Amino acid sequence: MAEQQPAEEKETKKAWEEVGQHFSSVGKRIGEHYRNLEDETRTSAATQRQTVNDTIKKVVNELDQAFTGLGNALRDPQTKESLNKAAKSLGNALDSTFSGLGEKLRKGGSRKDTPGGPGQGGSSSQPGG
């Protein structure tokens with residue numbers, strides 16, 4: 001029986017070596033997949049960064065064109081005249097609106113005319129009520 005133990009030990013050792021080899025192989029494959037994914041992520045991040053940079057450049061160019069156009073328009077005498085007329089009409093409209101509101105306030109437009117206001121006599125704080 002002493003001869004069988006070394007044979008059994010050899011088989012056990014061989015079985016564990018096989019387990020180790022399989023797990024080592026699995027570990028290598030997982031490592032390969034991880035490295036591939038890491039490379040893809042780096043490429044994706046670089047692509048996204050370039051896309052963002054391109055978009056920012058486009059926005060800056062569009063803003064530059066818009067402000068250049070605005071500057072050119074403001075230097076145009078006809079545009080200046082139109083802008084002055086628009087500003088005056090806005091000022092007149094605001095003046096008219098606030099003058100009318102001020103006139104209503106000066107004439108005493110109070111809450112007496114509104115339902116439930118102080119002039120209605122429906123208050124429960126009156127004596128005998």
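Helices are DSSP runs (H or I, at least four residues), numbered from the N terminus. The model here is predicted, so local features need pLDDT of at least 70 and side-chain atom pairs count only at pLDDT 80 or more, while totals for chains, interfaces and linings use all residues. Residues are numbered from 1 along each chain as its sequence is written, and side-chain values use heavy atoms, leaving out hydrogens and water.

**Exercise 1.** Find the helix that holds L83, then say whether L83 is buried or exposed, or in between.

*Solution.* Start with the place: L83 sits in helix 2, residues 77-106. Next, look at its cover: L83 has a relative accessible area of 48%. Buried means under 20%, exposed over 50%, and partly exposed in between (1.4 Å probe, protein chains only). So L83 is partly exposed.

**Exercise 2.** Work out how many salt bridges there are, and look at the pair E81 and K85.

*Solution.* Take the rule first: a salt bridge is a side-chain nitrogen of Lys or Arg within 4 Å of a carboxyl oxygen of Asp or Glu. By that rule, the count is three. Now the pair: the side chains of E81 and K85 meet at 3.4 Å, N to O. Both lie in helix 2, four residues apart, about one turn of the helix. As for cover, E81 is partly exposed at 45%, whereas K85 is exposed at 54%.

**Exercise 3.** Describe the salt bridge between E103 and R106.

*Solution.* Begin with the distance: their closest N and O atoms are 3.1 Å apart. Then the spacing: E103 and R106 are three residues apart in helix 2, about one turn. Finally, E103 is partly exposed at 35%, and R106 is exposed at 61%.

Key:
Helix = DSSP H or I, 4+ residues; strand = E, 2+ residues; numbered from the N terminus.
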